[in-house]
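Here are some friendly notes to read alongside the model. Keep the 3D view open and look up each residue as it comes up.

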2 protein chains.
Amino acid sequence: MRVAVIGTGLIGTSVALALREQGVSVWLADTDPEAGRLAVNLGAGEPLPETATADVAVIAVPPSAVAATLAAAQARGSKGLASCYTDVASVKQLPVTQARALGCDMTSYVPSHPLAGREKHGPAAARADLFLGRTWALCPAPESSEHAIAAITTLVRMCGAVPLRTDAAAHDRWVALVSHAPHLVAAAMAARLEAAPAEALDLAGQGLRDVTRIAAGDTSLWTQILAANAEPVAEVLAAVAADLAEAARMLTDGDPKSVATLLDVGQAGVARIPGKHGGAPREFAVVQVVIRDQPGELTRLFDAAGRAGVNIEDVRIEHSPGLPVGVAELSVRPAEAGPLLAALEAGGWPVRR
Amino acid sequence: MRVAVIGTGLIGTSVALALREQGVSVWLADTDPEAGRLAVNLGAGEPLPETATADVAVIAVPPSAVAATLAAAQARGSKGLASCYTDVASVKQLPVTQARALGCDMTSYVPSHPLAGREKHGPAAARADLFLGRTWALCPAPESSEHAIAAITTLVRMCGAVPLRTDAAAHDRWVALVSHAPHLVAAAMAARLEAAPAEALDLAGQGLRDVTRIAAGDTSLWTQILAANAEPVAEVLAAVAADLAEAARMLTDGDPKSVATLLDVGQAGVARIPGKHGGAPREFAVVQVVIRDQPGELTRLFDAAGRAGVNIEDVRIEHSPGLPVGVAELSVRPAEAGPLLAALEAGGWPVRR
């Protein structure tokens, strides 16, 4: 497979690095020659030759530049730059509409969007493992050929990502909720810090860093994204703003009950976010067991659970550095928590539900 | 030093673990016997003896329970539970006011607050390194004795934290901005996910996880905290709500300019948050250099910069796993970026400003 990556920013260079790890030949091009050179120096690929045809071209440019870049790529030489094309922009309806208006060949084009990123941008921030285990949305147009869809799906899998097929309209509606609105919410919280006294910032902890981290993203890119997905984003923002205004009123009125409700609903919302490598959390009871940090201890524990006829659905180990013991958190079906506790207690394990 | 920890939740047990690593004797007590037992099993200390006096007692209970717990501890036996007391609640004016109202001895009490936490709670989530490099606010009352302040400062340092002296009113105002309001902002965003279709959540990425992570915190504890710091929190929330409502309006009206402004101000706000281990970022120019992943490469690079007379203020290495090269990001005074670029380029280093 030969892949051409047009645009060697964070996403383009990361795609290139991931593909190179799989032994794929990658050609690189960027309108900023310095960015292109840095990507080449990083080992992400070779400069795009004057005349050559790739199997797949990945167009990794800002949303509003996708269609023109696609049109130029398809018009290159006699056969076009590649047999199949995809883009990686965070909105999907805009590039599709614009590509159609520009008369692009839609059969060879499969719009896509990797749900991965960093608050840093540019090729220097690229990582070969950026897409590992992450969802990568594929939004074929009605005209997209099965051949092109198969080729882009293969590319996504080679990057270590999990392809998820949807359509452009649904994609844009959902990313408004899970990506675009959260970005502005983070920015609005971070904006409060801009004029805050330094003493206040001395008290900042990890929570504030996490809530505001994505607000460090590239303003011009994000303004484009938000403008291209304005309506669904505005809907989510208006709802968040209303909840926060209401919470402020209730706190001022000395009535923290609705604040507790918002916290509860928020907790339920967080619980619905799938884990880093997919798989939504389910409703399990958790049994905590103190274990020693030594070989065979987990095997002994699982053996004890197995003999009690209890199936361990999930296990997480909490271990504080330097301690000779840790805590194993065993997730089991609620009905099995009692028998497990009894069996482990009988076996001398220190347990807690 | 002998320390009694009253309340073996996340913070109390983490304090105990951190002190044990320093060879301190720790006694543990909790109104929930299971939580107390788990902390003992984790090696965080021994059960509190019936009669004994500690040097310091750490009261690690929810904000509204601090004063009563302090009063009971000071009334214990003939000499009280300890010579000095601190608490670790996230608000400081409420426990101080209540302790004074209960007639507590304020000379031996130094209210404090470690700016550290996790979205998990309970002793199983405790970590000896929870406070490492984190700020720990000390808010002595006017009555607090120098002896008590010195003892609590020593304890804070033994936990690896950085003591920061302030007063209760300022503390509460600043944590409203950097901790309490962000918690509700995260909850309000997360609340939007509660009724969202599963397809939307399949598109969730790391950004959403970060923005909403703290919303998984304990609702009843956080309702207490927010109610106890209602006015300053409400002020921040109202401002965030107004910005978000305005952004929603502008997006709907097709005018993304004010959205760009909010993103810019947010970016400036994030940049003001000190790094994990303190030290606010300053205005430096960054020069990116591709380096090989081999011994001596950084020494060679620093040597080249030194011979050019340029002082490297900070360096970060970006390295994608599996790649034989990485990127060194050198922070230098803006005026020195040009000479550094020239010197490195002359020396054959692949650079980018």
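1. Let's start with one residue: A:Ala126 is buried, its relative accessible area being 6%. Here, buried means under 20% relative accessible area, exposed means over 50%, and partly exposed is in between (1.4 Å probe, protein chains only). You will find A:Ala126 in the loop between strand 6 (112-114) and strand 7 (135-138) of chain A. Helices (H or I, at least four residues) and strands (E, at least two) are DSSP runs, numbered from the N terminus. Between A:Ala126 and A:Ile59 there are 67 residues in sequence and 16 Å in space, C-alpha to C-alpha.

2. A word on the ground rules. This is a predicted model, in which local features need pLDDT of at least 70 and side-chain atom pairs count only at pLDDT 80 or more, while totals for chains, interfaces and linings use all residues. Residues are numbered from 1 along each chain as its sequence is written, chains are lettered from A and ligands numbered from 1 in the order in which they are written, and side-chain values use heavy atoms, with hydrogens and water left out.

3. Now step back to chain A as a whole. Its secondary structure comes to 13 helices and 12 strands, and its C-alpha trace spans about 75 × 55 × 40 Å along the principal axes. Of the 353 residues in chain A, 54% are buried. Among contacts (heavy atoms within 4.5 Å) in chain A with a separation of 6 or more, 69% are between residues 24 or more positions apart.

4. Next, how do the two chains meet? In all, 119 residues of chain B are in contact with 119 residues of chain A. The size of an interface is often given as the accessible area lost when the parts come together. For chain B and chain A the buried area is about 10300 Å², 68% of it on carbon and sulfur atoms; this is the accessible area (1.4 Å probe) that two parts lose on being put together, summed over both.

5. How many salt bridges are there between chain B and chain A? The count is four, where a salt bridge is a side-chain nitrogen of Lys or Arg within 4 Å of a carboxyl oxygen of Asp or Glu. By class, the side of chain B that touches chain A has 73 nonpolar, 21 polar and 25 charged residues. Ala, Val, Leu, Ile, Met, Phe, Trp, Tyr, Cys and Pro count as nonpolar, Asp, Glu, Lys and Arg as charged, and the others, Gly among them, as polar.

6. The whole structure has 12 salt bridges over all chains. B:Asp243 lies in helix 10 (residues 230-252) of chain B and A:Arg192 in the loop between helix 6 (168-191) and helix 7 (198-202) of chain A, so this pair joins two chains. Their side chains meet in a salt bridge at 3.0 Å, N to O. B:Asp243 is partly exposed at 23% relative accessible area, and A:Arg192 is partly exposed at 30%.

7. Another salt bridge links A:Arg213 and B:Asp210, with the closest N and O atoms 2.5 Å apart. This pair crosses between chains, from the loop between helix 8 (206-212) and helix 9 (219-228) of chain A to helix 8 (residues 206-212) of chain B. B:Asp210 counts as buried, at 11% relative accessibility.

8. Finally, look inside chain B: B:Glu246 and B:Arg249 form a salt bridge, their closest N and O atoms being 3.2 Å apart. Both lie in helix 10 of chain B, three residues apart, about one turn of the helix. B:Glu246 is partly exposed at 30%, and B:Arg249 is partly exposed at 46%.
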